[in-house]
Amino acid sequence: MQYEVGSMIKNHCMNCYHDEQKIIEMVPNEFSEKVVKMLWMQCTKCGNTQSRLAQFDD
Ligand SMILES: [Zn+2]
């Protein structure tokens, strides 16, 4: 799956349970050998922001 800032992804909002969020920021994470980034997402319904880790294959 391709992640980039501005794209919409399926993810449950912890606030309103809407399942579509927009990626607003991606931050590289250093603790893993694999390429892991922290995705910051904003709910398209209520505007709540939350983060989650995503793994990249390349
Ligand atoms: Zn929401």
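The model is a predicted one. Of its 58 residues, 7% count as buried.

**The big picture**

- Reading from the N terminus, you go through the elements β-β-β-β.
- The C-alpha trace spans about 35 × 20 × 15 Å along the principal axes of the chain.
- Take the contacts with a separation of 6 or more: 29% of these come from residues 24 or more positions apart.

**How the sheet is put together**

**Strand pairs, one at a time**

- β1 (8-10) and β2 (20-29) are paired antiparallel through three bridges.
- In that pair, I9 is opposite Q21 of β2, and K10 is opposite E20 of β2.
- β2 and β3 also pair in the antiparallel sense, this time over eight bridges.
- Here E25 faces W40 in β3 as its opposite number.
- β3 (35-43) and β4 (49-56) run antiparallel and are joined by eight bridges.
- L39 is the residue to look at if you want a landmark there, as it stands opposite R52 in β4.
- β3 and β4 form a hairpin, and five residues lie between them.
- In the turn of that hairpin, G47 has a positive phi of about 85 degrees.

**Y17, in the loop between β1 and β2**

- Y17 is found in the loop that links β1 (8-10) and β2 (20-29).
- Its backbone is worth a look: Y17 has a positive phi of about 70 degrees, yet it is not a glycine.
- For context, most residues other than glycine have a negative phi.
- Is Y17 buried or exposed? Y17 counts as exposed, because it has 10 C-beta neighbours inside 10 Å and the cut-off for exposed is 12 or fewer.

**K45, in the loop between β3 and β4**

- K45 belongs to the loop between β3 (35-43) and β4 (49-56).
- K45 counts as partly exposed because it has 14 C-beta neighbours inside 10 Å.
- Which residues does K45 touch, leaving out those up to four places away in sequence? They are C13, C16 and H18.
- K45 and Y17 are 28 residues apart along the chain, and their C-alpha atoms are separated by 9.4 Å.

Notes. Residues numbered from 1 in each chain as written. Predicted model: local features only at pLDDT ≥ 70, side-chain atom pairs only at ≥ 80, totals over all residues. Helix = DSSP H or I, 4+ residues; strand = E, 2+ residues; numbered from the N terminus. Buried ≥ 20, exposed ≤ 12 C-beta atoms within 10 Å, placed from the backbone. Contact = placed C-beta atoms within 7 Å. Pairing = 2+ DSSP bridges.
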